[in-house]
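My entries follow in the order in which I made them.

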Amino acid sequence: MCSNVPLGFIALLLADFYNLTYSSIDPIKFDDCMGNEDVVFQSSDPNFSVRTDGSIFVQKEGSSLDEPVQFKLTASDPHTHVWETVVQLALIDPPSSQQNENEVTKEEGIIAERKEKKEAFQAPPPVIMFSGSGLNSSKGLRRQKRDWVIPPINVAENSRGPFPQMLVSIRSDQDQDISIRYSITGVGADQPPNEVFNIDPVLGKMFVTKPLDREHRSSYHLRAHAVDMNGNQVENPIDLYIFVIDMNDNRPEFKNQVYNGSVDEGSKPGTYVMHVSAFDADDNTTANGMVRYRILSQTPHSPIPNMFTINSETGDIVTVAPGLDQEKVSQYTIIVQATDMEGNLNFGLSNTATAVITVTDINDNPPIMTSRTFSGEVPENRVDVVVANLTVVDADQPHSPNWNAIYRIISGDPSGHFTIRTDPVSNNGMVTVVKPLDFEMNRSFMLTVVVSNQAHLASGIQSSLQSTAGVTISVQDVNEPPYFTTNPKHIRFEEGVPAGTSLTTFSASDPDRLQMQQTIRYSKLNDPADWLSINRTNGQIVTTAMLDRESVYVKNNMYEATFLATDNGSPAASCTGTLQIYLIDINDNPPVLIPKESQICEQMSKNTNGVNITAADADTDPNAGPFVFELPNFPTSIRRNWTISRISGNYARLGLRYQIYLEPGVYEVPIIVSDSGNPPLSNRSVIKVKVCPCDQNGDCTTVGAVAATGLGTGAIISILICIIILLSMVLLFVMWIKRREKERQTKQLLIDPEDDVRDNILKYDEEGGGEEDQDYDLSQLQQPDSLEHIISKPPGVRRVDERPIIPESQYPIRPVVPHPGDIGDFIHEGLRAADNDPTAPPYDSLLVFDYEGSGSTAGSVSSLNSSSTGDQDYDYLNDWGPRFKKLADMYGGGDDD
């Protein structure tokens, strides 16, 4: 914008070089708002000149900036406008030897002196102003609006400081009138990364606070601000552009450490092989990022050490010499070096990678037979047998298309008896028989075989004469089996030919014509019906039984038998032949009536359809249908009651005559059936017809069906009465069983059912009546009035449940209880009295045990105390269920009844 035309500014330009001859310094920015057309810059110092683009150049050799230089610069245009400013130049730190290949060595003293002068020069820079004045007809010189003009600032990356390092001094020409505060904004100042740059708010000096990295960020755009003490803007913000100068601080990096490539053997020089590439993070527009390639080594050095070369700029590897031979060297390993600084090994940084080049095989070696002739032998009539093995050598890579062999028979086998298969492992050719050989036809074969590769030979390679060989195959004679000239053999005969009839001669031939004439013997191998025999010497077939076309062994009028022909060779050989006899049908089977049974309504009005009948004949046409159905003349009742009407050639209808009524029942109706043979055969068949009453639909009713079975009314009534009597007897038997069961349940028991544990008591060696015998003698339940029957027993023999004959203590006599009417009450009362009487002996058991003799280890059962008191614990009886509840109460501490 023309409003920003600089009229005056203060700037500090720093030079970063030693040799200033014809060298350029950062350009002066100037804009006259008219495109700077024909603007001319003039310097007051003849050692420096300024071009039209504002670039400052050194004019004379030997000029130096050991001390700061200041000169006046004037800009003028054809319209007589003139602007002036002051330019001041000073040196910055010289670049290190590792960053500049055009290094100029200086003594350390001179460098220190320059540094002191530079620091002295870095005092507040002078004000550089364009006191722009223009001439015109009316006003003469006119002052323009003041503004800032700051050239781009170049900062070398990786600077070692010291930090903060001043870059430029910024001042406004109004700072003489008012106090001004300076500030900067933008990325690197107040935006991340923060505080890379800062500015002295009073003096306007801008500093860099840390080393910069061009690979991280190559430039910064800041804005400088000038305000008064009240924060009011004094000058318009200006743009500051800071460019990071690249240094060679990054080595080239290969994308891969190992590169793989391939090249055909025999390739010409200049053949492209592969490409390698490296990347340098430095500025690729400078020498720091310009990478060059070269080959350091090649392994192996065969046939020469330098078989390949690399394009230094692109990284393309090509062949440089002929002689690549896969059979000699199959792989090369090349070390490639990439160097920046355009390949300068003194100043550039380098890196290496490995290139593996595989020499691929081409078919430059034809296969060669190891011999010009091969031979083999094979027995005749053998197939899929290897008769000769052809060996071949090939110098190409094994198991590749250039090595795989293909064999062809070009002559000597017009009938295609042989083929040659390739062994995939050894590459040899296996001559194999694929069609049987006949010694009588060909005793030997002379084959011509040629071998080639699966892949075509490379250009310029000719096939070898050794790729062709001759193969001699000898055929060995063996005893071949005889053969039937016609197999199977078909003949036609009528069935029914008698036994002993000669059917045909089934003879065989022997193919061994060149040997001694052999004898053939015949035998029967399979004759399912045993109808045939064969002459052992001439093969004549004779019947041994009558042939029957209707036999189960005949399928579709065809009977088959197999025969065996054996020669007398060593070893003997045999063959089989099949004889197929087609049996021509004759009328030898009469027809049979179908169906055998049927039913019909007793009245003609309901029997309009009658019974459809037909016939089956084992013979075939013309000896089968059409059939003729007739009723016999005898007995006469048949024709009087029944009639037959023809429906078609094979079907007829049997029915009752009009106004004929028959009793329901089963009637056997004879019918004569005749076929159409010549002469015809007839058969008298009987059909059982059930005559029954019918319903409205013409179907037999249930009663009618029963009546039709042949039983009379009396017989039917008798059967029904028998059924009723049988059911009554079953009912009476069931009632008797129920009554008896009820009587058992109501019969009185000695103990309660819940206390009855008899079914859990096992009795051994008991000959009594068992549980069903319940007729107890109640007198045994009472105390006997006398003991004479006990005392009278001989000594030593006594029942353990009887009271011993010893003096006893006198106990109070129990009160006599009258005989109760209920035995159960009597038992419970006696038990209760015994439990409450402490003087009662334990002889109240009602069970009788046999005497087991003296010396028994078993104790007396009567020694058990009926009381619940005692030392033994019987509480476990409570876990035995309700049947043992009484015992648990008696012996387990339960309550007394």
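**Entry: glutamate 380**

I listed the contacts of glutamate 380, leaving aside neighbours within four places in sequence, with contact meaning heavy atoms within 4.5 Å. The list holds Leu437, Asp438, Phe439, Glu440, Val475, Gln476, Asp477, Val478, Glu480 and Asp512. The model is predicted: local features need pLDDT of at least 70 and side-chain atom pairs count only at pLDDT 80 or more, while totals for chains, interfaces and linings use all residues. Residues are numbered from 1 along each chain as its sequence is written, and side-chain values use heavy atoms, with hydrogens and water left out.

I then placed glutamate 380 in the loop between strand 26 and strand 27. Strands here are DSSP runs of E of at least two residues, helices are runs of H or I of at least four, and both are numbered from the N terminus. Is glutamate 380 buried or exposed? Its relative accessibility is 2%, so it counts as buried. The classes are buried under 20% relative accessible area, exposed over 50% and partly exposed in between, with a 1.4 Å probe and protein chains only.

Which backbone nitrogens lie by a polar atom of this side chain? I found that of phenylalanine 439 at 2.8 Å and that of valine 478 at 3.0 Å.

I looked up aspartate 384 in the loop between strand 26 (373-379) and strand 27 (386-390). Its phi is near 55°, a positive value in a residue other than glycine. Aspartate 384 counts as exposed because its relative accessibility is 58%.

Histidine 399 also has a positive phi without being a glycine, at about 60°. I located histidine 399 in the loop between strand 28 (392-393) and strand 29 (405-411). At 53% relative accessibility, histidine 399 counts as exposed.

**Entry: cis peptide bonds**

I noted a cis peptide bond from phenylalanine 163 to proline 164, with omega near 0°. Proline 164 sits in the loop between strand 9 (153-156) and strand 10 (165-169).

Serine 302 and proline 303 are likewise joined by a cis peptide bond, with omega about -5°. Proline 303 belongs to the loop between strand 20 (292-299) and strand 21 (308-310).

**Entry: glutamine 580**

I found glutamine 580 in strand 42, residues 574-584. Its relative accessibility of 12% puts glutamine 580 among the buried residues.

What joins the side chains of glutamine 580 and histidine 490? It is a polar contact of 2.7 Å. Such a contact is a pair of N or O atoms within 3.5 Å; within protein, one must be able to donate a hydrogen and the other to accept it, and residues adjacent in sequence count only if both atoms are side-chain atoms.

Beyond four places in sequence, glutamine 580 is in contact with Pro488, Lys489, His490, Ile491, Met558, Tyr559 and Glu560.

**Entry: aromatic pairs**

I searched the whole structure and got 10 aromatic pairs. Rings of Phe, Tyr and Trp (its six-membered ring) pair if their centres lie within 6.5 Å; planes under 30 degrees apart count as stacked, over 60 as edge-to-face and the rest as tilted.

One of the pairs is phenylalanine 484 with tyrosine 522: the centres are 6.4 Å apart and the planes at 45°, so the pair is tilted. Phenylalanine 484 lies in strand 34 (residues 483-484) and tyrosine 522 in strand 38 (residues 520-526), so this pair ties together parts 38 residues apart in sequence. Phenylalanine 484 is buried, at 6% relative accessible area, and tyrosine 522 is buried at 6%.

Tryptophan 531 and tyrosine 559 form a tilted pair, 4.7 Å centre to centre with 35° between the planes. Tryptophan 531 lies in the loop between strand 38 and strand 39 (532-534) and tyrosine 559 in strand 41 (residues 558-567), so the pair ties together parts 28 residues apart in sequence. Both tryptophan 531 and tyrosine 559 are buried.

I also logged one aromatic cluster, formed by Phe484, Phe506, Tyr522 and Phe563.

**Entry: chain totals**

I counted 7 helices and 50 strands in the chain. Of its 897 residues, 33% count as buried. Among contacts between residues at least 6 apart in sequence, 66% join residues at least 24 apart.
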